[in-house]
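I'm keeping these notes as I click through the structure. I'll jot down what I looked up, one topic at a time.

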Amino acid sequence: MPNKIVFKKKIPSFQKKILVPGDKSISIRWILISSLSDGISKATNLLMSGDVLASIKAIKKLGVKVYVKNNICKIHGVGIGGYKYKKNLVIDAQNSGTLGRLISGLLIDTPFPIKIIGDNSLSKRDFKRVAKPLSKFGASFYLRNSSNLPLTIVGSKKLKPIKFFEDKGSAQCKSSIIFAGIKTNGKTLIKAKKSRNHTELLLKHLKLPIKIIKNKNFDLIEINKVKKIKPINYNIPADISSGAFFIALTVLSKNSKLTIKNINVNPTRIGIIKILKKMGVKFLFLNKKIYKGELIADIFIQTPKNIKPINCPPELNSEAIDEFLVIFLIAAKAKGISNFKNLEELNKKESPRLKWGSKILRMMGVKVITTKNSIRIFGNPKLSINKKIVIKKYLKDHRVFMTSVIAALSFGGEWHIHDKDSINSSFPSFLKILNKFKK
């Protein structure tokens with residue numbers, strides 16, 4: 001089958017209720033924490049994407065038994081100190097920065113060198129941001145070019161707790177330090193810029209020794225060594241980052257309505273909703289509940305009459321870091337000029353996303369002005385495309401692919417989008433769900 005998809009017309013108006021797959025961030029964290037539990041943990045609606053399957057393969061290499069059948073995953077935890085470390089062990093994180101960075105914290109006591117590798121895209125991303133603080137615990141980390149994969153970890157049996165200031169708003173970096181802290185005697189202290197907090201919520205739900213003091217811009221996190229982790233059964237809620245593509249499709253289509261069921265609306269993850277509200281889009285949260293510390297709801301949205309431009313508050317950046325590509329698409333149809341700044345983290349994702357976001361908009365005929373960390377978008381409410389656009393050579397970034405699909409269905413034109421298998425890393429059923437909108 002060709003690894004390319006072609007779109008030649010806009011999507012018609014729709015009224016839909018959909019389910020999207022389980023949250024990727026929670027799926028990976030559940031796998032890693034369950035691997036260290038004392039007992040059998042069970043999950044339903046676990047996201048079966050490349051990143052999550054890579055996480056399962058990783059813990060299997062560490063001696064953990066995993067069984068997957070009929071959308072149910074069972075993990076037989078080995079206890080906090082139960083990983084079986086072997087000589088010459090290689091863990092392939094594939095395309096997953098979450099897996100590669102978080103598991104680095106859990107491997108901090110390995111007596112043998114362990115090598116972490118990844119695909120072409122992941123191998124270009126910065127791992128110094130976790131290797132440098134983790135080395136302060138007493139383990140050794142060796143990187144290619146002092147920054148990139150492969151990463152070799154040589155653990156220590158004499159780990160010391162650290163104090164660390166996480167100033168980039170990286171949940172992956174923060175979580176890797178927390179994971180190292182649960183294996184280290186003494187009190188590890190983290191001052192962390194606001195970012196998604198799934199790790200903290202899961203540890204608090206399990207009543208592990210973690211304390212969090214919330215300030216306006218930073219969280220103060222205290223973590224002590226963990227002696228025992230109870231197994232955890234989890235019905236993984238839907239992923240807001242996956243739902244974002246259908247939210248954008250609804251905003252950009254004519255006279256359409258959408259409900260997304262049972263979705264994670266954790267306040268640290270709904271930056272896209274906060275930003276779109278400022279742009280005149282209205283949302284309803286229905287059937288709200290707290291589950292395992294996470295806020296879950298059904299989201300209802302309909303096409304707005306007008307889209308307002310925005311000067312996006314930078315404090316929302318970390319909450320929307322995975323959704324900015326579709327936010328840029330929506331800004332392209334706003335009545336006026338939108339500004340987004342302090343987005344240097346966007347270029348440290350699977351591809352340089354700020355560059356790709358501006359490139360797609362320019363190909364669509366949208367005027368943009370960019371710097372290395374900002375973008376100004378000159379919106380046009382009547383934007384319509386009547387030409388051929390080809391999207392390729394984007395490091396197989398799943399979000400570039402899906403954003404291009406939403407652009408094609410929203411603005412028209414003839415789009416040839418390559419590497420459709422890129423969605424396997426995060427959202428394998430994306431095109432299948434999208435087909436429901438055409439009926």
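**Entry 1: charge on the surface**

I looked for charge on the outside and found a patch of positive charge on the surface, where Lys4, Lys388, Lys392 and Lys393 gather. A reminder to myself: this is a predicted model. I then picked Lys392 and asked where it is found. Lys392 sits in the loop between strand E21 (388-391) and helix H11 (398-411). Its relative accessibility is 43%, so I put Lys392 down as partly exposed.

**Entry 2: a greasy spot**

Next I looked for a nonpolar patch on the surface, and Met48, Leu53 and Val68 form one. Together these residues have about 220 Å² of accessible area. I checked Val68 and found it in strand E4 (residues 65-69). Val68 has a relative accessible area of 44%, which makes it partly exposed.

**Entry 3: rings that pair**

How many aromatic pairs are there? The count comes to 13 aromatic pairs. I looked at Tyr234 and Tyr291, whose ring centres are 5.5 Å apart. Their planes are at 70°, and the cut-off for edge-to-face is over 60 degrees, so this pair is edge-to-face. Tyr234 belongs to strand E14 (residues 234-235) and Tyr291 to strand E16 (residues 283-291), so the pair ties together parts that are 57 residues apart in sequence.

Buried or exposed? I checked each ring of the pair. Tyr234 has a relative accessible area of 3%, so I call it buried. Tyr291 has 24%, so it goes down as partly exposed.

Then I moved to Phe245 and Phe430, with ring centres 6.0 Å apart and planes at 65°, so this pair is edge-to-face too. Phe245 is in helix H7 (residues 240-252) and Phe430 is in helix H12 (residues 430-435), so the pair ties together parts that are 185 residues apart in sequence. I noted both Phe245 and Phe430 as buried. They also belong to one aromatic cluster, formed by Phe14, Phe245, Phe246, Phe427, Phe430 and Phe437.

**Entry 4: salt bridges**

Side chains of opposite charge can pair when their charged atoms come close. I wanted to know how many salt bridges the count comes to, and the number is 20.

I began with Lys174 and Glu200, whose side chains meet in a salt bridge at 2.8 Å, N to O. Lys174 lies in helix H5 (residues 171-181) and Glu200 in helix H6 (residues 198-205), so the bridge ties together parts that are 26 residues apart in sequence. I looked up how covered they are. Lys174 is buried, with a relative accessible area of 1%, and Glu200 is buried as well, at 2%.

Lys261 and Asp298 came next, and their side chains meet in a salt bridge at 3.5 Å, N to O. This pair links distant parts of the chain, with Lys261 in strand E15 (residues 257-264) and Asp298 in strand E17 (residues 294-302), 37 residues apart. Lys261 is partly exposed, with a relative accessible area of 34%, whereas Asp298 is buried at 8%.

Asp421 is in the loop between strand E22 (414-418) and H12, while Lys396 is in the loop between E21 and H11, so to speak two distant parts of the chain, 25 residues apart. Asp421 is partly exposed, with a relative accessible area of 32%, and Lys396 counts as partly exposed at 37%.

I also wrote down a network of salt bridges that links Arg125, Arg196, Asp322, Lys349, Glu350, Arg353 and Asp397.

How many residues of H5 are buried? Eleven of the eleven are, so H5 is largely enclosed by the rest of the structure. Among the buried residues of H5 are Gln172, Cys173, Ile177, Ile178 and Phe179.

Last, I looked up Lys288, which lies in strand E16. Tyr291 is in strand E16 too. Lys288 has a relative accessibility of 55%, so I marked it as exposed.

How values were computed:
Residues numbered from 1 in each chain as written. Predicted model: local features only at pLDDT ≥ 70, side-chain atom pairs only at ≥ 80, totals over all residues. Heavy atoms only, no water. Patch = residues over 30% accessible without salt bridge, like charges linked within 9 Å, V, L, I, M, F, W, Y side chains within 5 Å. Areas by Shrake-Rupley, 256 points an atom, 1.4 Å probe, with all protein chains shown as cover. Salt bridge = Lys/Arg side-chain N within 4 Å of Asp/Glu carboxyl O. Lys, Arg positive; Asp, Glu negative; His and termini not counted. Charge placed at Lys NZ, Arg CZ, Asp CG, Glu CD. Helix = DSSP H or I, 4+ residues; strand = E, 2+ residues; numbered from the N terminus. Buried < 20%, exposed > 50% of the residue type's maximum accessible area, 1.4 Å probe, protein only. Phe/Tyr/Trp six-rings, centres within 6.5 Å; stacked < 30°, edge-to-face > 60°.
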